[in-house]
Amino acid sequence: MNKIEENRGLEQVSCPVGLSLANLKAELRAIWECNIKEWKIELAYPINFTRQCIEPLIFLLPILVYGLVLLGGSRFSESLLRLVGTGDIVTYTFTGYIIMGFIGTAVWAMGFSIRKEQWYGTLESIYVTPTSRLSLVLGMALHSVVHQSLGTLFEVGVIYAVFGLALRIEGILPALAIFALMMFALGGFGIFISSLALIFKEGWIISEGFHSVLMILSPVAYPLTVLPTIAQQASTVFPTAPALVGMRSFLIENYTPEILGNVFLHLLVLDAAWIVFGILIFYLTDSYVRKSGTLGKY
Amino acid sequence: MMKKSSDASVFRANFFVVWTEVAKNMKFLMAYPVIFVFWTIFPFFWFLTFIFQGQAIVGGLQSSSFAEIAGTPDYIPFIILGAILNGYVLTSLYGVGESIRREAYQGTLDYLLSSPCNKAFILIGKAVSESISSTIYAVIQLVVCIVFFGIELTLGVIMPIILILILMILGLYGIALMLAAFSLQFKQAHDLAHTLEYVFYLFSPVRYPVQALPFWAQIVGKFLPLTYALIAVRSLVLLRQNFLAIYEQIFLLFVIDAVALFLGFYLFNWMEKRTKKSGSISQY
């Protein structure tokens, strides 16, 4: 057997495994390559790329127009002022809405990463490579976060030019720190969704379902106080509610937070909980679908 | 005599194509009950955010500023009717517009296009089945909204609403036919559907009256069948106007239907011939 392999000129490759620096480097390389692959696919369809970059703005505009119509064209709301200490609906809604695209990143890009490979017909090939499946999910997430950031930058530019935004410049850095903490927890959430997409074949329903529920439980266009008490309590389990409240506290003058407590601590706990939970469920479902032989089924 | 019998058999054959397509799509729907549950329940989640936003901004269930351009201060029924009718847009764009592309993914497009029938009737079958499923979702949503959100619907407006819905569906499926035609040639049906969805999302009065938009955007809105259907249905249900008050919207819906259906069928037949000649039908 060895002789045959020698004759064919096969080279034995030893793959790094376990908790080692070499393995970490290999996995980081896999994440990077997945990200590059996604960019290559995306840029092969420039119209699709452009459409997705303007999408955040398209979805924000009706929410703003609706708010302005309710107030007869004015951007100042007495009712919002009473609820959260600021009456500027444009700044309030905008600071909420920039998060929504990143929720989409978690539930769609990460949640659908494995299923997408199945559509491309490359799932089995990827599964037999000595790379962690999580690296595949994280590679797609990296691409999606950068992509979403581009769309958000475009959105910021247009809204700032058309409506003007009353934001505190000195609050941008702490707001970005909160945003980063939220993204870790959303990463864990996205891994959880991707494991569900492995089991449930109509995975888009899982993604859309969670996206819709998160939209309601996150104080994007309204404060949490208008939600029923049970929904307010449920919102504390997801990272978007504390993150939005925390970011607005730093970005908007006179904003009164509707969630009490330390937002940083809250998010750190959610980060740990969602990452551990997401990875655990991912490994369990991954092992289940491989054992049951249902991985390649539609 | 021979001609009459031949006409009858062609009619029967075309009817059979439509019927088979409807039966096939209904079997698909029944095979995935979770899809049925999704389209029945989740549209509520999409408009609930607008209701909560309204409550936060206005501090109540009515807005006098809203009444100045919408004619009614009750923004919740306004939003709900918009969301229910918008459901037809989503199912027509993604259901019918993308159906050709889906056949390609399933590997059945070549067989469909090589079958000895008029392909437009296959699309009609897809449109009819989408209309049936959309109407089931819409009726369930409407009943829930009547019970929980206090929308009042009298028996007298039901027949005019059905007429408006039929006219709107015809116009939407004319647009979906054009989308299906382009997806034969340009493949990326999903992107085309998304782009069209944006146009409906921004320029039709789903969440706000068209008067709230800039003049140029109102002009774009005037080319969409959903705009007239929403104005007509809201006039009947919310403003309690009679049928005579909405004759203009009905007439314009007729015109849009005629143009959209003609263009849709023409484009689809033309694209089908073109892609058959170029041999690019099953390319991705």
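Is B:Arg240 buried or exposed, and how many other C-beta atoms lie within 10 Å?

Author: The model is predicted: local features need pLDDT of at least 70, side-chain atom pairs count only at pLDDT 80 or more, and totals for chains, interfaces and linings use all residues. Residues are numbered from 1 along each chain as its sequence is written, while chains are lettered from A and ligands numbered from 1 in the order in which they are written.

B:Arg240 is exposed, with 12 other C-beta atoms within 10 Å. On this scale a residue is buried with 20 or more other C-beta atoms within 10 Å of its own, exposed with 12 or fewer, and partly exposed in between, the C-beta atoms being placed from the backbone. B:Arg240 lies in the loop between α11 (225-237) and α12 (247-278) of chain B. Helices here are DSSP runs of H or I with at least four residues, strands are runs of E with at least two, and both are numbered from the N terminus. The phi of B:Arg240 is positive, about 55°, although this residue is not a glycine. Most residues other than glycine have a negative phi.

A:Asn254 sits in the loop between α12 (240-251) and α13 (263-292) of chain A, and is exposed, with 10 other C-beta atoms within 10 Å.

In chain B, B:Pro160 belongs to helix α8. B:Pro160 is partly exposed, with 18 other C-beta atoms within 10 Å. Not counting residues up to four places away in sequence, B:Pro160 touches B:Leu236 and B:Phe243; contact requires C-beta atoms, placed from the backbone, within 7 Å. The C-alpha atoms of B:Pro160 and B:Val233 are separated by 8.4 Å, although these residues are 73 apart along the chain.

B:Val233 is also among the residues with the most contacts inside the largest nonpolar core, which has 142 residues; A:Ile193 and B:Met168 are others in that group. Such a core is a set of buried Ala, Val, Leu, Ile, Met, Phe, Trp, Tyr and Cys residues joined through C-beta atoms within 7 Å. Helix α8 (residues 155-186) of chain B provides the largest share of this core, 15 residues. Leaving aside neighbours within four places in sequence, B:Met168 is in contact with B:Tyr88, B:Pro225, B:Leu226, B:Ala229 and B:Leu253.

The axes of α5 (residues 89-110) and α9 (residues 172-199) of chain A come within 8 Å and cross at roughly 30°. The two helices are therefore roughly parallel, a label for angles under 35 degrees.

Finally, the contact between the chains takes 33 residues from chain A and 34 residues from chain B. On the side of chain A, α3(A) gives the most, with twelve residues.

Note on methods. Axes fitted to C-alpha atoms, helices over the stretch in contact; angles between N-to-C directions. Parallel < 35°, antiparallel > 145°, perpendicular 65-115°, else oblique. Contact = placed C-beta atoms within 7 Å.
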